[in-house]
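Welcome, and please have your viewer ready. We will go from stop to stop, with something to select at each one.

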Amino acid sequence: MKNIALSKLSKLRTLSACAGFLALLAPTHGYAQVAIHLKLVENSTLELQYDLPQNCPHLHFKKTGEGAQKIRAQWQAQDACFTADGENLTANQPACHIARFKVPATYDKISGYPAAYPMAETIYAHTSNYQLEDSCGPITYHFAAPFIALEGRQVSGQIEVAAKADYSFPVLLSPVELQLNAGIISYIDPGLSAQTKARIKDVGEKTINYLKTV
């Protein structure tokens, strides 16, 4: 009886160890199932990539409607895998789970915040144009550029940001380091006249100083 009991205990320990190992392999709830990549490339263009789970061929965009349709109509699909329209990101083939697009910068923002707005060599992008519903799991943004400015900070190379529900934000993707104006990251188009630059800087500094008092 003692040998039988020891044998059963040994099997239970083995099963427990296997279960623990499998638990380590299984993705946790906090693991980002959807990744949205935005990378600054040459010729005032952004590379856009969506990494989706293989069991998630269809996702709804947060920003929808006629304006969103016109914005995404400018995106250039890099293969036949996915279609992006005013409502959804949809796989065209069952095996597809990576969507790739080129997003050309344009002065025509069309509707709301622009998807890719050129500011000399820097591009202003707003995540509202790219954000998806989180029905396939949590979402993270992955930005890549020599310099990236968002939410009051500047980083170089790349940064990963967890997407919060119903929250979008602007980001600057730049090949040159952005300057500080009264301690605040700022960018002024170098193509503007010296007088216009001075005026913008003056108004910006006065606005910042005023906001510090309220």
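Which residue forms a salt bridge with Asp202? Select Lys206 along with Asp202: the closest N and O atoms of this salt bridge are 3.2 Å apart. Keep in mind throughout the tour that you are looking at a predicted model.

**Stop 1: along helix α3**

Stay with this pair for a moment. Both Asp202 and Lys206 belong to helix α3, and four residues, about one turn of the helix, separate them. Colour the two by accessibility and you will find that Lys206 is exposed, with a relative accessible area of 54%. Asp202 has 27% relative accessibility and counts as partly exposed.

**Stop 2: past the end of α3**

Now follow the chain into the segment after α3 (194-211), where Val214 lies. Is Val214 buried or exposed? Its relative accessible area is 64%, so Val214 is exposed, the cut-off for that class being over 50%.

**Stop 3: the whole chain**

Zoom out and switch to a cartoon view. The protein has 14 strands and three helices. How many of its residues count as buried? The share is 31% of the 214 residues. With the surface still on, you are looking at an accessible area of about 12800 Å², and carbon and sulfur atoms account for 56% of that. If you draw contacts between residues at least 6 apart in sequence, 55% of them join residues at least 24 apart.

**Stop 4: a salt-bridge network**

Seven salt bridges are counted in the model. For the next view, select Lys62, Glu133 and Asp166, which are linked in a network of salt bridges.

Begin with Lys62 and Glu133, whose closest N and O atoms are 3.6 Å apart in their salt bridge. Why does this pair tie together separate parts of the chain? Lys62 sits in the loop between β3 (58-60) and α2 (66-73), while Glu133 sits in the loop between β9 and β10 (139-150), so the pair joins parts that are 71 residues apart in sequence. Both ends are partly exposed: Lys62 has a relative accessible area of 31%, and Glu133 has one of 26%.

Turn next to Lys62 and Asp166, where the salt bridge between the side chains is 2.8 Å from N to O. This pair also links distant parts of the chain, 104 residues apart, with Asp166 placed in the loop between β11 (153-162) and β12 (170-174). Asp166 is exposed, with a relative accessible area of 66%.

**Stop 5: a sheet of three strands**

In what order do the strands of its sheet run? The order is β3-β6-β5, in an open sheet of three strands with antiparallel pairing. β3 and β5 (82-84) are the edge strands, each pairing on one side only. From one strand to the next, the twist averages 10°.

Look along β3 and strand β6 (residues 88-91), which pair in the antiparallel sense over three bridges.

**Stop 6: two positive phi angles**

Finish with two backbone details. Select Ile110, in the loop between β7 (98-104) and β8 (117-119). Ile110 is not a glycine, yet its phi is positive, at about 70°. Its relative accessible area is 30%, and Ile110 is partly exposed.

Then move along to Ala120, in the loop between β8 and β9 (122-126). Ala120 counts as partly exposed at 30% relative accessibility.

Terms used:
Residues numbered from 1 in each chain as written. Predicted model: local features only at pLDDT ≥ 70, side-chain atom pairs only at ≥ 80, totals over all residues. Heavy atoms only, no water. Buried < 20%, exposed > 50% of the residue type's maximum accessible area, 1.4 Å probe, protein only. Contact = heavy atoms within 4.5 Å. Areas by Shrake-Rupley, 256 points an atom, 1.4 Å probe, with all protein chains shown as cover. Salt bridge = Lys/Arg side-chain N within 4 Å of Asp/Glu carboxyl O. Pairing = 2+ DSSP bridges. Axes fitted to C-alpha atoms, helices over the stretch in contact; angles between N-to-C directions.
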